[in-house]
Amino acid sequence: MDDAGMQSWIWPLPEGGASNDQAALDTRWQVLLGRGGWQAEVLGQVGDDALRLYVRPSAAAAAPRLLIAAGFHGEEPAGPWGVLQFFERADAGLLDRLQLTVLPLVNASGFRAGRRFNDWGENPNRGHGASADAPPSREGRVLAAHGARLAALGASGVLSCHEDVKQPQHGYVYSLERAERPGAFSHALLAANARFFPLLPDGDVDGCHVRGGIVFNRYDGSFEAWMMEQGVGRAACVETPGRAPIGERIAAQAAMVEAFVRHPLDGA
């Protein structure tokens, strides 16, 4: 077991409360779902926690199908809070033009503890698909049971929201496209991140080569890489600096969700 994966990181939220307050996160989602337009379901159980999926269908049969996932790592709370913030503030007319699916909190036990790994010391963002070099976590096994459907729900694109607690100030993006170099999709996400944080300099991060703020087309057993293996059109993992002020991190995550949602509607 990786000791760093069991270290706890918890921050006070700007509006009050703590970054690991799952009850507050769930309550705000229930208010949002209650406004209508959303369908909620449980994909499966992980210990005592339900792994939930929220779908907002579109009336347009040809609407882009987008999947957004957050909370794979519990010490990266700006992802779940940023996804929620975007949908709380988003214009319904924009959302109506898309079919949207959200995995709001994959690793609930890690989130409550402010800890990267789940209660069993497993990494929920590894062990996915053909590029995996480790067994899947309990959360991963639930997701795997629904792999074909998740890929269909994210056929036009998949976004996974993450943070890097080793970074005091730099943001960056892992992106996967069916191309030889990053395109408009990758750069739209990067530009949204760069509104809040300087981009990570060229070099290496966690054993990956980063250039221009992007780690490109790396298949590493992550959820987003697996979704590409399953046939989705494009995917990304966005990273905010986990030691920056959490309010800025949440705002950056929300901005990157907006860039992701708008991208297929901009015709790129």
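This is a predicted model: local features need pLDDT of at least 70, side-chain atom pairs count only at pLDDT 80 or more; totals for chains, interfaces and linings use all residues.
The crossing of helix 7 and helix 9 is right-handed.

**Helix 7 against helix 9**

- Helix 7 covers residues 184-194, and its axis comes within 8 Å of the axis of helix 9, crossing at roughly 155°.
- Anything over 145 degrees counts as roughly antiparallel, so that is the label for helix 7 and helix 9.
- On the helix 7 side, the residues that meet helix 9 are Phe 185, Ala 188, Leu 189, Ala 192 and Asn 193.
- Helix 9 answers with Ala 255, Met 256, Ala 259 and Phe 260.
- As background, an α-helix has 3.6 residues a turn, so residues three or four places apart point the same way.

**Helix 9 itself**

- Helix 9 runs over residues 246-262, which is 17 residues.
- From its first C-alpha to its last, helix 9 reaches 24 Å, close to the 24 Å expected at 1.5 Å a residue.
- Is helix 9 mostly covered or mostly open? It's mostly covered, with 12 of its 17 residues buried.
- The buried set includes Ala 255, Met 256, Ala 259 and Phe 260, and those four also turn up in the contact with helix 7.
- Ile 250 and Ala 254 are buried too, and both touch Gln 85.

- Gln 85 sits in helix 2, residues 78-89.
- Gln 85 has a relative accessible area of 15%; the cut-off for buried is under 20%, so Gln 85 counts as buried.
- Leaving out residues up to four places away in sequence, Gln 85 touches Ile 250, Ala 251 and Ala 254.

**Helix 1 against helix 2**

- Helix 1 (residues 22-34) packs with helix 2 at an angle of about 25°, and the two axes are 11 Å apart.
- Under 35 degrees counts as roughly parallel, so helix 1 gets that description relative to helix 2.
- Helix 1 passes helix 2 in a left-handed crossing.
- Helix 1 makes the contact with Ala 24, Leu 25, Arg 28, Trp 29 and Leu 32.
- Helix 2 brings Pro 80, Trp 81, Val 83, Leu 84, Phe 87 and Glu 88 to that contact.

- Strand 6 (residues 172-177) pairs with strand 10 (residues 234-241) in the antiparallel sense, over 6 bridges.
- In that pairing, Val 173 stands opposite Val 238 of strand 10.

**Strand 2 and its two neighbours**

- Strand 2 covers residues 49-56, and it is largely enclosed by the rest of the structure because 6 of its 8 residues are buried.
- On one side, 7 bridges join strand 2 to strand 1 (residues 39-46), and the two run antiparallel.
- Gln 39 has Val 55 as its bridge partner in strand 2, while Glu 41 stands opposite Leu 53.
- The hairpin of strand 1 and strand 2 has 2 residues between the strands, and Gly 47 takes a positive phi near 60° there.
- Strand 2 also pairs with strand 4 (residues 99-103), again in the antiparallel sense, over 3 bridges.
- For Tyr 54, the bridge partner in strand 4 is Val 102.

**Leu 153, tucked in by helix 6**

- Leu 153 belongs to helix 6, residues 147-153.
- With a relative accessible area of 10%, Leu 153 is buried.
- Which residues does Leu 153 touch, not counting those up to four places away in sequence? They are Leu 53, Arg 65, Leu 66, Leu 67, Gln 99 and Thr 101.
- One of those, Leu 53, is the strand 2 residue that stands opposite Glu 41.
- Leu 153 and Ser 19 are 134 residues apart in sequence, and their C-alpha atoms are 29 Å apart in space.

Terms used:
Residues are numbered from 1 along each chain as its sequence is written. Side-chain values use heavy atoms; hydrogens and water are left out. Buried means under 20% relative accessible area, exposed over 50%, partly exposed in between (1.4 Å probe, protein chains only). Contact means heavy atoms within 4.5 Å. Two strands pair if DSSP finds at least two bridges between them. The expected span of a helix is 1.5 Å times one less than its number of residues. Axes are lines fitted to C-alpha atoms, for helices over the stretch in contact, and angles run from 0 to 180 degrees between N-to-C directions. Angles under 35 degrees count as roughly parallel, over 145 as roughly antiparallel, 65 to 115 as roughly perpendicular and the rest as oblique. A crossing is left-handed if the near helix is turned anticlockwise from the far one by less than a right angle, and right-handed if clockwise.
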